[in-house]
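Here is a short briefing on one protein chain.

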Amino acid sequence: MKTNESDIKRIEVFKGISKNSIKEIKNNSDTIELKKNKALYSDRQVLNYIYFLISGNVSLIKSNENGESKVIFLLGSGSMINEPLMRKNTSGIECWGFENSKILRINLKVFDKIMENDYILAKNCMFFMERRIRRLYRQLKNSTSASIEKKLTAKLYRLGTQYGINDNQIEKFILINLNLTVTYIAKMLGHQRETISRAIKIL
């Protein structure tokens, strides 16, 4: 499906870029649908596209040698999914649909050319990746905490700031507007489901 300009304007890193860049993206990209619990790409897969999330949510997941998976990021609408600069164009993580999502994709080589001619676009991408690295730093910091309750509280607070809406039913509470399960939260924190269930009860 061809990309329309309204879809392009939803993407965070496209804000402030030149009209010519918007035209090039529109003419050289398309949109695809990613179903819930379906993979967009796998770990160590060679990618020919850079992907952007128009609507919905996707999970970036890393699995260990035992086959246990950890959710590294839950990305929302407007996010750049993978990086425009990858070693040998190979992904370092896998991407799955958290829910039915709409994705814009553009060839990596074409996108690289557009970045060459648009400093704002290149800078936006670098800033986006910098924020992602900072989030990883915070995750590492929280992972060293002795208390699982503190880790869980930090994660719920983060989800509340990203996806929270005011709950009119309960005054002064924020509703995390996601279909979260205990199993998914356990994967976000890298702990067993039973451990997270106990921590939730304590909170």
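Seven helices and nine strands make up the secondary structure of the chain; helices (H or I, at least four residues) and strands (E, at least two) are DSSP runs, numbered from the N terminus. The radius of gyration is 18 Å, close to the 17 Å that the globule rule gives for 203 residues, so the chain is as compact as a globular protein of that length. That radius is taken over C-alpha atoms, and the rule is 2.2 Å times the number of residues to the power 0.38.

This is a predicted model: local features need pLDDT of at least 70, side-chain atom pairs count only at pLDDT 80 or more, and totals for chains, interfaces and linings use all residues. Residues are numbered from 1 along each chain as its sequence is written, and side-chain values use heavy atoms, with hydrogens and water left out.

**Overall build**
- The C-alpha atoms fill a box of roughly 55 × 45 × 30 Å along the principal axes.
- Of the 203 residues, 42% count as buried (under 20% relative accessible area; exposed is over 50%, partly exposed in between; 1.4 Å probe, protein chains only).
- Among contacts between residues at least 6 apart in sequence, 72% join residues at least 24 apart; contact means heavy atoms within 4.5 Å.

**Nonpolar cores**
- A nonpolar core is a set of buried Ala, Val, Leu, Ile, Met, Phe, Trp, Tyr and Cys residues joined through side-chain atoms within 4.5 Å.
- The largest one has 22 residues, and F14, F52, F111 and L121 have the most contacts inside it.
- Elements giving two or more residues to this core include strand 3 (49-55), strand 7 (101-107) and helix 4 (119-143).
- Helix 4 supplies the largest share, five residues.
- Another core lies apart from it, with 16 residues, among them L34, Y41, L60 and C95.
- Beyond four places in sequence, F52 touches residues including I11, F14, M80, L104 and F111.

**R132**
- R132 sits in helix 4.
- Its relative accessibility is 10%, so R132 counts as buried.
- Leaving aside neighbours within four places in sequence, R132 contacts L60, F73, L75, M80, I81 and E83.

**E68**
- E68 lies in the loop between strand 4 (58-63) and strand 5 (69-75).
- At 45% relative accessibility, E68 counts as partly exposed.
- Neighbours within four places aside, E68 is in contact with K62, S63 and Q192.
- E68 and G190 are 122 residues apart along the chain, yet their C-alpha atoms are separated by 8.7 Å.
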